[in-house]
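The structure is shown first, and the description follows.

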Amino acid sequence: MSNSPDNIVIQVDNVSKTFQTADTDRVGALENISLDIRQGEFVTVVGPSGCGKSTLIKLIAGLVSLSGGRIICQGEEVRGLNTKVGYVPQESKLFPWLTVEQNVAFGLDSKGYSKSERDQRVQHFIQLAGLAGFEKRYPSQLSGGMAKRASIVRALAYDPTVILMDEPFGPLDAQTRMILQDELLKIWEHKRQTIIFVTHDLVEAVALADRVVVMTHRPGKIRDVITVPMTRPRNIFEIHRQPGFDEAHAKLWNIFRHELNLKNGASAAVGN
Amino acid sequence: MSSNGPTPSTNQPAWRRALKIHAIRFFFVGGFFLLWEVASGRWIEAFLISSPSKIWLAFLKVYQSGELTTNTWVTFQEIAIGFPVGALTGIWTGYIFGRSKALADIFEPIIIALYGVPRTALAPLFIVWLGIGIWSKVGVVFILVFFLNFFNTYAGMKQLDQEFVDLARLMGANRWRLSFRVILPAVSPYIITGFKTSIPFSVIGAITGEFIAATEGLGYYIRAAAGVFRTADVFVGIAVLMIIVILMNKVADLIERRVLRWQTQSESVQVQG
Ligand SMILES: Nc1ncnc2c1ncn2[C@@H]1O[C@H](COP(=O)(O)OP(=O)(O)O)[C@@H](O)[C@H]1O
Ligand SMILES: [Mg+2]
């Protein structure tokens, strides 16, 4: 497993992305991003809306093409689709025409697991997501939280090297969100997959992460990377009381406050 | 009745409601036929509207002579060939256009222009091209059915959520799985709509072709009967056409229920946590 140097699974090397929109307009989404992610690390990415967080995720997944730089996943440069990753989008995006079981099995069926291994894994992950008894249900018959859990284990089930999550808990209410964060951490403690998790919630970013990547707007750049010193396992429900939380959160908030001030200054200047 | 029970309108069992609906419908249709029978020859000239009893007698006669069966069989063949071929090629073309931006860019304006042509106006051309036998009618059925299926499928493909496709590909789906496990199911509500809409049009296509030039078929039979004011025979033909459409709809409903099971199941089940 740990055959690459320093256990780096993903290496984002000086990556830029420019979108060519209609006519000659160009939108610079990312500029010279570099980031190394280690095996088993839980990295969160925060930043203002439109700073290129989703674009970064999609570049790592190979869903959009690079304008510059390179991304290396497990020693191989990403060209085209990166099927080593699992992807959890903002909305659950379970396939509504497949049952919960078929959804969780989708990646296994596509990647040629044997029948017995497939069934065993599907059952295991359905249990893990607390969805036992709901195997034959269709996604429209699930609550938002259940659908979210199913969506997460669907991405975990076929054992991708890295799991990319793009604001997966964004649209949920505060309680459900906290419960899911807790469940996600428990599942993760168990398997220790590498996770890159995009969020715009600073508390969530600190609570889950080993490291928080802070991005800035226009152009999308990495402003800072904060290491979260909290021990694991963590108690999501009393995260504020855990040593290390306040310190990391304050650091993060400082950066953001700075950003906001800058922005206000900029808009005032434009006003004149 | 049960003044101390819950409100009957919301709580009566489903079968009672169904029974009521059937009963009312039965009386309505029965009343209509009765009125028709009474009106015929009394208030309205019998040769204009015939009557249910005359139609029944006419039916027995043309059935026994084999005339009805022969003509029905011809029309049935035209639909049985033109409809599935038109539906499948329509769906397939819609799918291909949806998948290939280049194809869509090249052909979309052409197809939209063709769509503007009233397609039944093409029927005489099909007669010229394919003769007065069944193949010209198969052609008309095909073209009507093709476009409806094409447009609905293509509209569905344009609505397709790219994130489903991305997810499936990231999970390692090959082409086949992507098409049959992801894209086609995602678009299936549109496909089913096109498919069902095209059913009556397939019958319209066959009959239109037969009206224009034919020596057999229900359209030919209806036109011939109307030409000599055998109104009862006309109604027999129309009734058979209705039955064909109803049967096709039943089959389509079965297909729909199977294909869209994931949509319909959601209503009856409640959810916890
Ligand atoms: N497909 C695209 N075409 C053109 N511009 C895009 C596209 N995707 C994203 N962008 C632009 O790139 C920038 C970053 O977008 P995104 O990565 O979605 O930001 P975030 O996820 O941080 O909110 C935005 O300005 C957005 O408008
Ligand atoms: Mg985003």
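Predicted model: local features only at pLDDT ≥ 70, side-chain atom pairs only at ≥ 80, totals over all residues.

On its own, ligand 1 has 560 Å² of accessible area, of which the protein covers 63%.

## The shell around the ligand

Which elements give two or more residues to the shell around ligand 1? They are strand 2 (26–38) and helix 1 of chain A, and helix 1 supplies the largest share, 3 residues. The residues surrounding ligand 1 include A:F19, A:T21, A:V27 and A:A29, together with A:S49, A:G50, A:C51, A:G52, A:K53, A:S54 and A:T55. Sorted by class, the shell holds 4 nonpolar, 6 polar and 1 charged residues.

## The sheet of 6 strands

Chain A has an open sheet of 6 strands in the order 6-7-8-3-9-10, with mixed pairing. Its edge strands, each pairing on one side only, are strand 6 (85–88) and strand 10 (221–227) of chain A, and the twist averages 20 degrees from one strand to the next. Within this sheet, strand 3 (residues 42–46) and strand 8 (residues 194–198) of chain A run parallel and are joined by 4 bridges, with A:V45 standing opposite A:V198 of strand 8.

Helix 1 (residues 53–61) of chain A packs on this sheet, where it touches strand 3, strand 6, strand 7 (162–166), strand 8 and strand 9 (211–216). The direction of helix 1 makes about 155 degrees with that of strand 7 of chain A.

## The sheet of 4 strands

Another open sheet of chain A consists of 4 strands in the order 2-1-4-5, and its pairing is antiparallel. Here the edge strands are strand 2 and strand 5 (76–77) of chain A, each of which pairs on one side only. Strand 4 (residues 68–73) of chain A is joined to strand 5 by 2 bridges in an antiparallel arrangement, and A:C73 stands opposite A:E76 in strand 5.

Helix 1 of chain A packs on this sheet as well, touching strand 1 (8–20), strand 2 and strand 4, while its direction makes about 120 degrees with that of strand 1 of chain A.

Technical notes
Residues numbered from 1 in each chain as written. Chains lettered and ligands numbered in written order. Heavy atoms only, no water. Pairing = 2+ DSSP bridges. Axes fitted to C-alpha atoms, helices over the stretch in contact; angles between N-to-C directions. Contact = heavy atoms within 4.5 Å. Near = heavy atom within 4 Å. Areas by Shrake-Rupley, 256 points an atom, 1.4 Å probe, with all protein chains shown as cover. Nonpolar A, V, L, I, M, F, W, Y, C, P; charged D, E, K, R; others polar.
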